[in-house]
Amino acid sequence: MGLPNRDEVEGKFDQAKGKTKEVIGRATDDADLESEGAADRAGGNLQEGFGKARRKVGEAVEDVGDALKR
């Protein structure tokens, strides 16, 4: 497995930020903040998934290139 790319890292950050907002929203009974956190977390999941797919495609292209060099 290669190093995570920018999309994966930003996605993880958004997930953590969203979870924090959700917890604070629940603790302070702020439904808007809680739903904003849920949206941030969902966006982070999507961005991380995109980053993983992008990395896997890049690794596959590298593997094909390595196989052709042999």
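This is a predicted model: local features need pLDDT of at least 70, side-chain atom pairs count only at pLDDT 80 or more; totals for chains, interfaces and linings use all residues.
**Entry 1**

I began with α1, which runs over residues 6-27 and has 22 residues. From first C-alpha to last it reaches 32 Å, close to the 32 Å expected at 1.5 Å a residue.

Next I looked at the two ends. At the start, a side-chain oxygen of N5 comes to within 3.1 Å of the backbone nitrogen of D7. After the helix I found D29, with a positive phi near 60 degrees.

**Entry 2: which side is covered**

Which residues of α1 are buried? I noted D7, E8, G11, D14, Q15, G18, E22 and G25. They sit on the same side of α1 because they cover an arc of only 120 degrees around the axis. On the other side, R6, F13 and A27 are exposed.

I also checked what lies over the buried residues of α1, and the cover includes α2 (31-69).

**Entry 3: bridges from α1 to α2**

I got a count of 12 salt bridges. One of them pairs D7 with R54, the closest N and O atoms being 2.6 Å apart. D7 lies in α1 and R54 in α2, so this pair ties together parts that are 47 residues apart in sequence.

Are the two partners buried or exposed? D7 has a relative accessible area of 13%, which is under the 20% cut-off, so I put it down as buried. R54, at 49% relative accessibility, counts as partly exposed.

I then turned to E8, whose side chain meets that of R55 in a salt bridge at 2.9 Å, N to O. Here too distant parts of the chain are linked, with E8 in helix α1 and R55 in helix α2, 47 residues apart. Both ends of this one are covered: E8 is buried at 5% relative accessibility, and R55 is buried at 9%.

**Entry 4**

What does R26 pair with? I found a salt bridge to E22, with the closest N and O atoms 3.8 Å apart. Both residues lie in helix α1, four residues apart, about one turn of the helix. R26 is partly exposed, with a relative accessible area of 45%, whereas E22 is buried at 6%.

**Entry 5: recap**

My picture of α1 has D7 and E8 among its buried residues. D7 bridges to R54 and E8 to R55, while E22 pairs with R26 within α1.

Key. Residues are numbered from 1 along each chain as its sequence is written. Side-chain values use heavy atoms; hydrogens and water are left out. Helices (H or I, at least four residues) and strands (E, at least two) are DSSP runs, numbered from the N terminus. The expected span of a helix is 1.5 Å times one less than its number of residues. Buried means under 20% relative accessible area, exposed over 50%, partly exposed in between (1.4 Å probe, protein chains only). The arc is that of the directions from the helix axis to the C-beta atoms. Contact means heavy atoms within 4.5 Å. A polar contact is a pair of N or O atoms within 3.5 Å; within protein, one must be able to donate a hydrogen and the other to accept it, and residues adjacent in sequence count only if both atoms are side-chain atoms.
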